[in-house]
Amino acid sequence: MGGGGFVDGGPLKRAHLYEYKITGYFIFACIVAALGGSLFGYDLGVSGLQVLLDNSRNLTHTLVSGGVTSMDDFLKDFFPKVYRRKQEHLNETDYCKYDSQILTLFTSSLYFAALFSTFGASHVTRNKGRRASILVGSVSFFLGAVLNAAAVNISMLIIGRIFLGVGIGFGNQAVPLYLSEMAPAKVRGAVNQLFQLTTCLGILIANLINYGTEKIHPWGWRLSLGLATVPATLMFIGGLFLPETPNSLVEQGRLEEGRRVLEKVRGTTKVDAEFADLVDASNAAQAVKHPFKNLLKRKNRPQLVIGALGIPAFQQLTGMNSILFYAPVIFQSLGFGSGASLYSSVITSGALVAGALISMALVDKFGRRAFFLEAGAEMLCYMVNNTSSCKSVNSF
């Protein structure tokens, strides 16, 4: 938890005494905060490079493209060499046609900016509150979307991507923490999954928008990039009315205000037990003078290596993002026709949304560990099956 929070900083000694109601105020706060996931998801869907291969009759060419980086109008304006290679049908794979360091910089600059901005976001989230980081993230993402949509040169594109990355860095840092701290303990897993759900919905919506705007010449790509301002605007306007989390207020020493917000969010004045746990957790967190040094102590190394570093790293190394980005190629090899890009986008994005909904419905009943083990076993079976299928095809 990079924001300095203490949701799970220690045992909830009085959890059995917690009382709450699902109030409209709580629902509003969660919906607005969860929009942070849609920023990340929309960008993944709208700018991703997706290329299809058609090897029939020994020809290799692009059938249908995915993100704006493969739209002809976009390439003509900013990457004419890539466009010419794409149109000349050279005897090379489509991936080679997109071989451009500047194009790679356009795509990757966002992720570098998001990575480095996380450190600043951590400071803001801890000292100024989760709401402040959400507002900063929405403003930065809005500016990036405007710059990208109005871009007339590569510099504007790159600067816009950097602003988008900063927005994602702040949003991804603060939103999951905000949702966790606002949620009642008994439904925290489901509420926290709202971030994943909106991320998946953002990818799905962006893919559908790209499919439509690609047919709008010559400015369809500008519309795709510019529509990213919509979730950013909603997130900022809603963020102005968001309450700070009770955890953050207690952490800042604003105890009376923290209790008032907790009563309003829970819909009851009977919050003595939960508030006492928040105060105890805050005191325990503040008693740790050097938190990063404390992480390196022998007793904390397993949690650091396995929980904080290992699980997230291996989750990414499963290749799930490769499947998401290059799904069109996979679907094309399975026999889909010229609509493979749309089919694959809808199927993969729809599966992500369905998975998030199932997780939301069941995670608090079966627990996080059960879902983690089930997902790992499921992916292992699929990978073994795919490996066997590939060997069979190659032998044939």
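Visitor: What covers the buried residues of H6?

Guide: In this predicted model, the cover includes H1, H5 (101–127), H7, H9 (220–226), H10 (229–240) and H11 (246–251). The residues of H6 that are buried are Arg130, Ser133, Ile134, Leu135, Gly137, Ser138, Ser140, Phe141, Gly144, Ala145, Asn148 and Ala149.

Visitor: How do you know that the reach of H6 is close to the expected one?

Guide: Helix H6 spans residues 130–149, which is 20 residues.

Visitor: Two of the covering helices are H1 and H7. What describes the way H1 and H7 cross?

Guide: Two packed helices are described by an angle and a distance, both taken between their axes. For H1 (residues 24–47) and H7 (residues 154–182), the axes come within 9 Å and cross at roughly 145 degrees. The crossing of H1 past H7 is left-handed.

Visitor: Which residues make the contact between H1 and H7?

Guide: From H1 come Phe26, Ala29, Cys30, Ala33, Ala34, Gly36, Phe40, Asp43 and Ser47. They meet Arg161, Leu164, Ile168, Asn172, Val175, Tyr178, Leu179 and Met182 in H7. By class, this contact of H1 with H7 has twelve nonpolar, three polar and two charged residues.

Visitor: Why is Cys30 called buried?

Guide: Buried means under 20% relative accessible area. Cys30 has 3%, so Cys30 is buried.

Visitor: Is Cys381 buried or exposed?

Guide: The cut-off for exposed is over 50%. Cys381 has a relative accessible area of 52% and is therefore exposed.

Visitor: How many disulfides does the structure have?

Guide: A search of the whole structure finds zero. To count, a pair of cysteine sulfur atoms would have to lie within 2.5 Å.

Visitor: What makes Leu352 partly exposed?

Guide: Partly exposed lies between the two cut-offs, under 20% for buried and over 50% for exposed. The relative accessible area of Leu352 is 25%, so Leu352 is partly exposed. Leu352 belongs to helix H18 (residues 340–366). Its C-alpha atom is separated by 9.1 Å from that of Thr199, 153 residues apart along the chain.

Visitor: What is the secondary structure of the protein as a whole?

Guide: There are 19 helices and zero strands. Of the 396 residues, 43% are buried. Among contacts between residues at least 6 apart in sequence, 73% join residues at least 24 apart.

How values were computed:
Residues are numbered from 1 along each chain as its sequence is written. This is a predicted model: local features need pLDDT of at least 70, side-chain atom pairs count only at pLDDT 80 or more; totals for chains, interfaces and linings use all residues. Side-chain values use heavy atoms; hydrogens and water are left out. Axes are lines fitted to C-alpha atoms, for helices over the stretch in contact, and angles run from 0 to 180 degrees between N-to-C directions. Helices (H or I, at least four residues) and strands (E, at least two) are DSSP runs, numbered from the N terminus. A crossing is left-handed if the near helix is turned anticlockwise from the far one by less than a right angle, and right-handed if clockwise. Contact means heavy atoms within 4.5 Å. Ala, Val, Leu, Ile, Met, Phe, Trp, Tyr, Cys and Pro count as nonpolar, Asp, Glu, Lys and Arg as charged, and the others, Gly among them, as polar. Buried means under 20% relative accessible area, exposed over 50%, partly exposed in between (1.4 Å probe, protein chains only). The expected span of a helix is 1.5 Å times one less than its number of residues.
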